[in-house]
Structures are given as C-alpha cells and as structure tokens.
There are 2 protein chains.
Amino acid sequence: MEDKLEKIVSWAKRRGFIIPGSEIYGGIGGVYDFGPYGVALKNNIKKLWWQTFVSGRDDVVGMESAILMNRKVWQASGHEKGFVDELVECKKCHRRFKADDLSKEKCSSGGEHELTEPKAFNTMFKTDETYLRPETAQGMFTDFRQIAETSRQKIPFGIAQMGKSFRNEINTKDFLFRVREFEIAEIEYFVKPGDDEKSFDEWLKAWEDFVLNLGIKKENLEQYEHPKEGLAHYSKRTVDIQYKFPFGTKELAGVANRTDFDLKSHEEASGKDLKYFDEETKEKYWPYVIEPTMGIERLMLAIICDAFEELEARTETTEAKTENEIVLHFSPQLAPIKVAVLPLVKKLSEETKKIYQDLKTCWGDIEFDESGSIGRRYRRQDEIGTPYCVTFDFDSLEDKKVTVRDRDTMKQERIEISELKNFLFRKLNIS
Amino acid sequence: MEDKLEKIVSWAKRRGFIIPGSEIYGGIGGVYDFGPYGVALKNNIKKLWWQTFVSGRDDVVGMESAILMNRKVWQASGHEKGFVDELVECKKCHRRFKADDLSKEKCSSGGEHELTEPKAFNTMFKTDETYLRPETAQGMFTDFRQIAETSRQKIPFGIAQMGKSFRNEINTKDFLFRVREFEIAEIEYFVKPGDDEKSFDEWLKAWEDFVLNLGIKKENLEQYEHPKEGLAHYSKRTVDIQYKFPFGTKELAGVANRTDFDLKSHEEASGKDLKYFDEETKEKYWPYVIEPTMGIERLMLAIICDAFEELEARTETTEAKTENEIVLHFSPQLAPIKVAVLPLVKKLSEETKKIYQDLKTCWGDIEFDESGSIGRRYRRQDEIGTPYCVTFDFDSLEDKKVTVRDRDTMKQERIEISELKNFLFRKLNIS
C-alpha cells in the first residue's frame with residue numbers, strides 16, 4: 001500500500017499536478033506547489049465547496065479574514081500557550097521527532113536513537129510581531145458581531161471561509177497529508193445553546209454527503225468519535241471523517257462542538273461584547289458553535305488516491321504495448337480537463353481545431369493535442385483523468401461524425417458533430 | 001477628494017465589505033478582512049481574471065506556488081539584499097517613516113521631527129527559516145522547466161497565478177492601497193529574445209482592456225512610463241497603469257520586461273538548467289520574460305471608487321426622506337448580489353420566496369429581504385450595488401407580474417413572472 005503512495009507521488013510530479021516547493025533549491029520540507037492540472041483540480045474542489053455551503057445555502061455567509069492577526073488573538077484563543085507538540089531530539093544524529101511519533105526510524109549514526117527529554121514546541125510560524133494562523137476559525141470569531149449585524153442573519157447561521165494556514169510541523173510526511181502550508185475550509189455555525197447537539201449531527205451528515213458527492217467511495221470512509229477524555233479543551237464532542245489512505249486510516253475532515261468557548265474567551269480578552277441578541281426572545285447570550293472543517297490538500301489527496309488505478313496495458317501504442325497504464329477516475333465536475341479534442345493525424349488538425357474552439361467557449365477546460373500516436377494521446381488523457389476524448393478522423397470529413405471515447409469503459413461512439421455539444425453536456429452533467 | 005475616501009471606508013465597514021483585521025483587539029496595521037459582500041466582490045474579480053487570462057487562452061497555464069519558499073530563492077532573486085526601504089525614525093516621538101515619504105505629519109511631541117539617518121529596512125516578513133513571499137513571481141521562475149515540460153507549451157507561452165503576498169510596509173495608508181497582506185495576480189510570459197518588445201505592447205493593451213472591461217471609466221486611467229534611470233535592476237522597460245484614486249493618481253497594475261534576469265539568476269544559484277530548448281530551431285536559450293501584474297485589493301479599491309456615488313435622496317423612505325443616498329454602480333458581473341427579491345409587505349413573503357428560490361438555483365447570488373419599508377430596502381440594495389430589485393405586491397397575486405427596478409435609472413417595469421428569468425438573463429448578461 002505504501003507502494004501506491006510512491007506511485008502517486010511520482011505520477012503527480014510527472015503530470016505536473018503536484019511539485020515539491022522550491023524544488024530546484026532542494027525543496028523546503030512539507031511545502032508543495034501545484035502545476036496546471038493540480039491547481040485546476042484544487043480550484044474545482046474549492047468551487048464545489050463554496051457552491052454547496054455558501055452560495056447554495058441561505059443560512060451561511062462567506063468571508064475572508066487575513067492570515068496575519070493581532071498577537072492578542074492567539075493569546076486569547078489559547079494557541080500561544082497550547083498549540084504545542086512534544087519534541088524530542090536524538091543526541092547522536094540530531095534529528096527531531098514528535099515524542100509520540102517515532103515510527104521505526106533507525107538512527108543514522110548507528111543503533112538506536114538516544115533521545116532528549118520531550119520539550120514543548122509551539123508549531124505556529126512566528127514573525128517578529130505575531131504568528132501565521134494555524135487555522136482560519138479565529139477570524140470568524142473576532143468578526144462575529146460585525147458579520148452577524150451587516151448580514152442580518154438570525155441564529156442559527158454560519159460563517160464560512162477557505163484560506164491558507166500554516167503549521168510548523170516537526171515531521172512532515174505522507175505527501176500532502178502532513179504539510180506546513182495548506183488550505184483549510186471551515187464553517188463556524190452559531191446556534192442557541194441546547195440546539196447544539198442536533199446541529200452537530202446535521203453538519204456531520206452534510207460533511208459526509210459532500211465527501212461522497214466528490215466521488216469518494218463510501219467503503220473508504222470511516223467515522224471516528226473522539227473519546228471524552230481525549231477532547232481538546234474547547235470541545236464538547238468531536239467526530240473525524242477518516243479516509244483509508246495508503247499509509248493508514250487518517251483524518252480527512254471533522255466536526256467539533258466548540259461550545260461558547262471562543263466567543264467568551266475573545267470577549268474576556270478584548271473587552272468587546274461578542275454576545276448575540278435574540279430579537280424574538282429578547283435574550284442575550286453567547287451562541288454555541290458547531291465547527292465543520294476540512295483540509296483542501298487532504299481532500300485532494302483522498303480524491304487522487306480514490307481515483308487512481310494502475311492496470312495492465314489496455315490501450316495500444318506503438319511505443320509501449322505492454323507498459324502498465326494509469327487511469328485517474330475523477331468525476332467530471334472535478335476533472336482538470338473535461339474533454340480532449342484530438343485529430344487522428346496532424347493533417348486533420350485544422351478541421352479538428354474548429355471543434356476544439358467551439359467546445360472551449362462552452363467549458364474552458366478543454367484540451368487540444370496533436371502530438372504522437374493516437375494511442376499515446378489516449379493514455380496521456382487517461383493519466384490526467386479526462387472523462388472524454390473526441391477524435392476527428394478521415395471519415396469525419398465525409399460523415400460529419402467524430403468518435404467519442406469514454407475514459408472508464410473505453411467504449412467508443414460515433415456522434416454527429418452537430419450533436420456533440422448536447423451529447424457531452426448530458427454526459428458531463430455540468431454547466 | 002480625501003473626503004470621498006473617508007466615506008468609502010465608512011460605507012465598506014457599515015455594509016460589511018471591508019473590515020479592519022483583528023478589529024476587536026485594536027487592529028493590526030495595514031491588514032483587512034473581507035465580509036460577505038466583500039469576499040463576493042473579490043471572488044468575482046478573481047474569477048473574471050482567471051477566465052480571461054488562464055481558461056480563456058491557449059497560451060497561458062495556471063499554477064499555485066507556495067507562500068513559503070526556500071530562503072535561497074530570495075537570495076538569488078536579489079530580495080534579501082535589495083527588497084529594502086530607507087527608514088528614518090523621529091528621535092522625539094519614535095515614529096517610523098519611509099525616508100522619501102514624510103508627508104506633512106507634525107511631531108506629536110511638538111514642532112518638527114528630529115530624524116535619524118536613513119537605514120535600510122527589508123520589507124519582507126521574516127520567519128525563523130525564510131521569508132513570506134512579497135510577490136508570487138519567483139514560484140513561476142523556479143518551476144519554469146517543470147511546468148513547461150508537463151504542459152507541453154511552446155514559446156511564446158505564459159504561466160499565471162494569483163495568491164497572497166506580504167510586505168512589511170513601514171507606513172501603511174490609503175485603505176486597501178498600501179497594505180501588508182494582499183493578493184496579487186501575475187503572469188510570467190516567456191518569449192524568444194527579440195520578440196519581447198512586441199509582446200510587451202500586447203500585454204499592456206490586454207491589461208488595460210481587462211481593467212476597462214471591469215467597468216472602470218477610461219478617463220480615470222493613465223499610463224506611466226518609468227524613466228530609464230528609475231527602472232528596477234531586472235527591468236528593461238516598465239509601464240504602470242495608474243488610477244485616479246481620491247488620494248492621488250497611483251499605480252493600479254503594471255507590465256515589466258524582466259529580460260532573462262530571473263531564469264539566469266536562478267540557474268546560477270541553483271545549478272539547475274533553466275534554459276528552454278526550441279525544437280524547431282534546435283536552439284537553447286533563456287527566454288525573455290514579460291510580466292503583467294495587478295494587485296487584487298487595489299483593483300477592488302479602484303472598482304469601488306469608480307462605482308461609488310453619493311447623491312441627494314431619490315428614494316423615499318418613511319424613516320429618512322432627506323438623507324443623502326449612496327449608490328454603487330457595480331457592473332452586473334462584479335456585483336456581490338445580482339438580484340434582490342422583495343415582498344412589498346411581510347404578508348406576501350411566502351409567495352415571494354418561491355420566486356427567490358427559483359432564481360437562486362440559476363444564480364447563487366440572490367438575496368431575499370422582507371425587513372422594513374420597501375423604500376429602505378431599495379436604498380440598502382443600492383448601497384451594496386445590486387443591479388435589479390424584484391418586488392412582489394398585491395397586484396402580483398392577480399396579474400402574475402412583478403416590478404423590476406433598475407438600480408441606475410430607477411426605472412420600474414412590470415414583468416410577467418413566467419418571463420422573469422429570461423428578462424434578467426438578458427439584462428445581467430451573465431451566466
């Protein structure tokens with residue numbers, strides 16, 4: 001299974017999805033760049049999230065708070081004191097580890113590691129004046145009153161945002177899973193105390209539905225209920241949605257019941273009233289907060305793991321008849337390229353380009369490719385997860401039809417060029 | 001004119017467009033948060049930029065490089081040495097200023113400032129290990145070979161990205177104009193040396209066309225050609241697109257001819273070959289780079305300044321007949337809310353909501369509002385720049401028509417409910 005991750009890392013680099021950050025300078029641990037297909041996949045995930053949870057709902061409004069926040073925010077939130085990992089260092093090889101995560105690493109200077117006592121290591125990145133945020137939640141708490149008033153929402157309602165966050169992880173590993181710079185999508189959903197447990201269940205369901213809707217297989221998901229004694233200091237209940245990654249079953253997303261901890265802490269530390277006034281009941285109170293969160297990079301990695309298949313050569317190419325073939329079974333809405341338009345041979349490029357131009361005005365994510373043999377080009381599109389290839393051949397000049405090839409079934413159909421758009425529109429089921 | 005900026009700042013906060021960051025803790029200089037309408041406006045600008053320059057073009061591919069880069073990147077790029085401002089400090093009041101920008105500030109301890117000698121102040125934010133990027137360009141240079149190969153683009157072609165950047169400005173000012181955290185949209189367009197001057201002119205035109213297409217008035221734009229002796233060390237030519245802000249005519253966007261400076265510097269420092277191999281001519285060379293850039297927040301501020309109008313009361317409200325009225329003339333594609341759906345009185349809410357739900361499935365950005373008098377609700381929609389209000393009244397129950405009110409002309413038309421979608425579709429001219 002670890003082998004599968006290696007294959008994915010290599011595929012991601014070869015196809016320009018995910019590249020180690022600053023690679024020409026030897027990289028920078030746990031930081032990745034996204035190439036053209038990678039950023040397209042990532043943006044498709046983000047777009048769908050925003051459509052589902054912000055534009056598509058009446059009770060959630062979007063916002064974007066800054067990465068840099070006044071240091072007092074991190075004091076009041078408890079991060080300055082508590083956002084720590086226990087760090088140990090080997091006295092011989094000087095490598096650093098999380099105390100609870102020593103894996104099976106051998107000391108490079110031979111034998112066993114000789115470890116220092118654990119010490120607390122704050123994993124927020126520090127600048128002269130403050131920290132880089134390790135999550136986006138705090139901005140939604142500090143701006144809560146302002147946003148509640150200007151958006152004229154009534155409880156229950158939520159504030160949502162997506163954005164870059166940073167954690168100076170002691171050990172980065174498992175590709176996109178444990179990184180130091182990442183994007184997180186979070187909602188803080190404010191409810192009346194007493195309504196929190198019901199809302200928690202609703203969000204857990206909405207969260208899992210979203211993950212399934214991305215095309216991730218249900219059998220690869222699991223829920224993990226945090227035991228009462230292991231809960232974070234602010235949480236009444238936390239449930240993770242876990243995914244069966246090749247390196248183990250690990251957290252993909254989660255829902256936490258943060259109670260009124262955050263609004264209360266920020267009111268106490270800032271001296272600003274962060275209570276909500278309920279116009280109907282004339283009560284004033286700190287709402288409880290249900291917080292569903294998911295990491296975009298983890299989601300992306302799960303989607304890739306789920307969609308990735310290596311199989312024996314099924315498409316003949318002159319160059320490599322027997323090489324194994326890789327197919328990415330992305331759902332059409334997530335696929336970086338929706339349709340590839342291919343002339344059978346270069347001679348037919350001019351005619352084929354007309355079809356390409358026409359489709360490109362409908363959906364931006366269309367690719368034209370005239371390089372190499374047709375088999376090789378099919379393989380390439382399978383590898384980047386393009387659901388449909390449209391091929392223009394010599395017959396097309398006469399019968400005004402093209403061949404549409406399905407990535408998953410490899411079935412080929414002849415379709416009238418005049419009907420192509422409607423055909424693809426139905427197949428892709430996206431606008 | 002400075003007065004106009006004050007009015008805009010106050011409007012932006014009141015309507016939840018732009019809020020000072022960490023406000024409940026006294027803020028954090030030069031950092032802003034975006035509320036629900038602000039993030040919608042910002043996302044609409046970003047979406048249009050990506051559609052125009054990435055999805056809509058065959059010769060530009062997108063990417064997303066990380067904010068954290070190996071420190072060696074900033075050494076090779078010249079930033080570690082050269083990304084400095086001259087800083088002076090007043091020995092009496094201890095305030096810090098840029099040496100060339102002392103404005104007319106009076107010393108708070110009386111009389112004139114007594115200034116220290118200027119010293120170099122690097123404006124990159126520093127972490128223990130590296131810096132926060134002050135621009136996104138370097139990621140497109142360090143990943144150039146990787147992206148050129150995996151995207152199989154041939155010169156001339158461009159790499160585009162948008163992303164957060166940070167500059168530790170000594171004096172932040174003019175609202176969103178000079179901030180410490182911002183988003184920048186940049187293209188690095190790689191051309192054959194010799195083709196650079198022509199490409200420069202094409203990009204300057206494309207850049208200005210884009211700004212005009214956002215709805216910014218031509219008479220508020222100006223080009224500024226940097227004099228040869230004032231060019232940055234890497235630049236052969238730089239032209240700014242300036243906007244007439246209320247606080248002066250200032251840079252909004254720009255195009256620079258960076259020559260082969262960056263690829264060459266990174267090749268020398270990293271030891272990795274960053275040349276391009278031209279398959280047709282069999283030549284190997286460092287391409288020249290034309291770099292069009294624009295700051296998203298500056299663009300947003302220009303759009304707001306351009307769209308902002310304060311005028312004598314034109315809409316009667318019971319509460320405030322004579323108060324001045326604010327109208328934001330956003331173009332439909334940028335407006336945070338496209339259509340507001342309003343029952344004349346609360347009693348009609350149920351019927352009106354059906355229309356709202358129906359429109360919301362077409363365009364997400366629809367608002368329903370049943371609060372207060374109809375005049376007050378029109379005013380509110382004018383203030384957030386909603387192009388059309390749809391009002392359902394008692395006649396609507398009988399004649400199945402609604403009133404559509406145009407924000408700019410205040411003209412009201414009765415439209416068949418069954419025709420409403422088509423009518424708005426034509427008016428908004430967006431999908």
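The model you have open is a predicted one. To see what the axis does, colour chain A and chain B separately. In general, two copies of a chain are related by a rotation about an axis and a shift along it. Here a rotation of 180° with a shift of 0.0 Å along the axis places chain B on chain A, with an RMSD of 0.0 Å. That relation is the one a two-fold axis gives. Both copies use the same surface for their contact: 100% of the contact residues of chain B recur in chain A.

**The interface**

Next, show the residues where the chains touch. Chain B contributes 72 residues to the contact and chain A contributes 72 residues. Between them the two chains bury about 5,600 Å², and 53% of this is on carbon and sulfur atoms.

One salt bridge to find joins A:Asp369 to B:Arg152, with 3.3 Å between the closest N and O atoms.

**Helix α11 in both chains**

Select residues 374-384 of chain A, which make up helix α11. Is this helix mostly covered or mostly uncovered? Helix α11 of chain A is mostly covered, with nine of its 11 residues buried. Among the buried residues are A:Arg377, A:Arg379, A:Arg380, A:Asp382 and A:Glu383. Step on to A:Gly385, which follows the helix and has a positive phi, near 80°.

Repeat the selection in chain B, where helix α11 also covers residues 374-384. In this copy, 10 of the 11 residues are buried, including B:Ile374, B:Tyr378 and B:Gln381. B:Gly385, just after the helix, has a positive phi of about 80°.

Go to A:Asn44, in helix α2, which runs over residues 36-55 of chain A. Its relative accessible area is 13%. A:Asn44 therefore counts as buried, the cut-off being under 20%. Leaving out residues up to four places away in sequence, A:Asn44 touches A:Gln333, A:Leu334, A:Ala335, A:Pro336 and A:Lys338.

Then select A:Lys250, in strand β11 (residues 248-259) of chain A. A:Lys250 is partly exposed because its relative accessibility is 25%. Which residues does A:Lys250 touch, not counting residues up to four places away in sequence? They are A:Asp174, A:Phe177, A:Ile241, A:Gln242, A:Tyr243 and A:Phe245. Also draw a line from A:Lys250 to A:Tyr224: the two are 26 residues apart in sequence, and their C-alpha atoms are 9.4 Å apart.

**Aromatic rings**

Finish with the rings. Over all chains there are 50 aromatic pairs. To see one cluster, select A:Trp49, A:Trp50, A:Phe53, A:Tyr189, A:Trp203, A:Trp207 and A:Phe210.

At B:Tyr234, the charged end of B:Arg258 sits over the ring, 4.0 Å from its centre. At B:Phe177, the charged end of B:Arg298 is in the corresponding position, over the ring and 3.8 Å from its centre.

Notes
Residues numbered from 1 in each chain as written. Chains lettered and ligands numbered in written order. Predicted model: local features only at pLDDT ≥ 70, side-chain atom pairs only at ≥ 80, totals over all residues. Heavy atoms only, no water. Phe/Tyr/Trp six-rings, centres within 6.5 Å; stacked < 30°, edge-to-face > 60°. Lys NZ or Arg CZ within 6 Å of the ring centre and 35° of its normal. Least-squares fit on C-alpha atoms with pLDDT ≥ 70 in both. Contact = heavy atoms within 4.5 Å. Buried < 20%, exposed > 50% of the residue type's maximum accessible area, 1.4 Å probe, protein only. Helix = DSSP H or I, 4+ residues; strand = E, 2+ residues; numbered from the N terminus. Buried area = accessible area lost by both parts, 1.4 Å probe. Salt bridge = Lys/Arg side-chain N within 4 Å of Asp/Glu carboxyl O.
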